[in-house]
Amino acid sequence: MFNEKSIMKKTKLLVVLLSFSLLVSLSGISALLPSKASAASSHDDNFSPKTLKFLRANTGLDGEQWDNIMKLINKPEQDSLKWTEFYGYCEDIDDERGYTIGLFGATTGGDRDKHPDGPTLFKEFDAASGASNPSVEGGLSRIGVKGSLKGSILNIKDSEKVFCGKIKKLENNDAWREAMWQTFYKVYIKYSVEQARKRGFNSAVTIGSFVDTALNQGATGDSGTLEGLLSRSGKSNDEKTFMKKFYDERTKIVDTNKYNKPPNGKNRVKQWSQLWDMGKADLKNADEAVVKVTSWKMK
């Protein structure tokens, strides 16, 4: 016959051991799951402290929101959410706009782009590198590129292999990254934020939608630009209602005029509208939503 006290002691010991094992397992699992603080930190890590501070002050959006905006922009541009890998991107994509460079596709100019943003980028690079009197030529000379302005067009005399090879080497250059964001802001972001705020709109998805349109189709100018689309999007004071009309108008032309290869343009617009429908207009805690809306296949 077993000793009753002995059995009870063994039972209690077994319960204690099982409880301890369960706690260890749960703590291990929780350690694998990112906290909200670490998730926010990982978004911020994609920007320099200087750029983060600048974006917060001038757009009202934080690192998490801008990281998500850049993922949404980079999907139709590069078919990737890893936007930080494209600071050194450079290619002549035969769209009659010269070379396409960097995060937002700055161009050197051509028959279809008489007012390129590439010259501004190189001037900003010269400034970020410490020039007291920054210039386009100064920026080019800093990386050893042979080129000059012909009117507003930046004429690069080096071969594509040489020129793009030198741009690629700037991938992790702090001054180049700073110049990229300063140019991006001055040419596209500033106007987009102004247009959102003048209508009383402040959501990250609205600002991101405007920025995406501006860099893809131009900020101001003809009917296909952000300015042109806004003029046809009505006057509703309700942000979601206004944006639905804006998306409808953009969808009509986004795959024309070589803006995008069909049906990539329609999917590009759909990303933003879906986020509204998902209740993620602020782009906060939206990692899964961003992955979902960007899961479409590029053609």
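Axes here are lines fitted to C-alpha atoms, for helices over the stretch in contact, with angles from 0 to 180 degrees between N-to-C directions. All views show a predicted model.

**View A. Helix α4 against helix α12.** The axes of α4 (residues 63-78) and α12 come within 9 Å. They cross at roughly 155°. Angles over 145 degrees count as roughly antiparallel, so α4 and α12 are roughly antiparallel to each other. The crossing is right-handed. From α4, the contact uses Ile69, Leu72, Ile73, Lys75, Pro76 and Glu77. From α12, Arg268, Gln271, Trp272 and Leu275 meet them. By class, the residues of this contact divide into six nonpolar, one polar and three charged.

**View B. Arg268 and its surroundings.** Arg268 belongs to helix α12 (residues 264-277). Its relative accessibility is 0%, so Arg268 counts as buried. Two side-chain partners stand out for polar contacts. The Arg268 side chain reaches the side chain of Asp212 in a polar contact of 2.9 Å. A polar contact of 2.9 Å also links the side chains of Arg268 and Asn260. Neighbours within four places in sequence aside, Arg268 touches Ile73, Pro76, Glu77, Asp212, Leu215, Asn216, Arg250, Asn260 and Trp296.

View C. Val254 lies in the loop between α11 (239-253) and α12. Val254 counts as buried because its relative accessibility is 0%. Gly265 sits 11 residues away from Val254 along the chain, yet 5.1 Å separates their C-alpha atoms. Gly265 is also one of the residues in contact with Val254.

**View D. Helix α3 alongside helix α8.** Helix α3 (residues 49-59) and helix α8 (residues 174-197) have axes that come within 10 Å and cross at roughly 15°. That makes α3 roughly parallel to α8. This crossing is right-handed. On the α3 side, Lys50, Thr51, Phe54, Leu55, Asn58 and Thr59 make the contact. On the α8 side, the residues are Glu178, Trp181, Gln182, Tyr185, Ile189, Val193 and Arg197. The contact of α3 with α8 has six nonpolar, four polar and three charged residues.

Technical notes
Residues numbered from 1 in each chain as written. Predicted model: local features only at pLDDT ≥ 70, side-chain atom pairs only at ≥ 80, totals over all residues. Heavy atoms only, no water. Helix = DSSP H or I, 4+ residues; strand = E, 2+ residues; numbered from the N terminus. Parallel < 35°, antiparallel > 145°, perpendicular 65-115°, else oblique. Left-handed = near helix turned anticlockwise from the far one by under 90°. Contact = heavy atoms within 4.5 Å. Nonpolar A, V, L, I, M, F, W, Y, C, P; charged D, E, K, R; others polar. Buried < 20%, exposed > 50% of the residue type's maximum accessible area, 1.4 Å probe, protein only. Polar contact = N/O pair within 3.5 Å; in protein donor to acceptor, adjacent residues only side chain to side chain.
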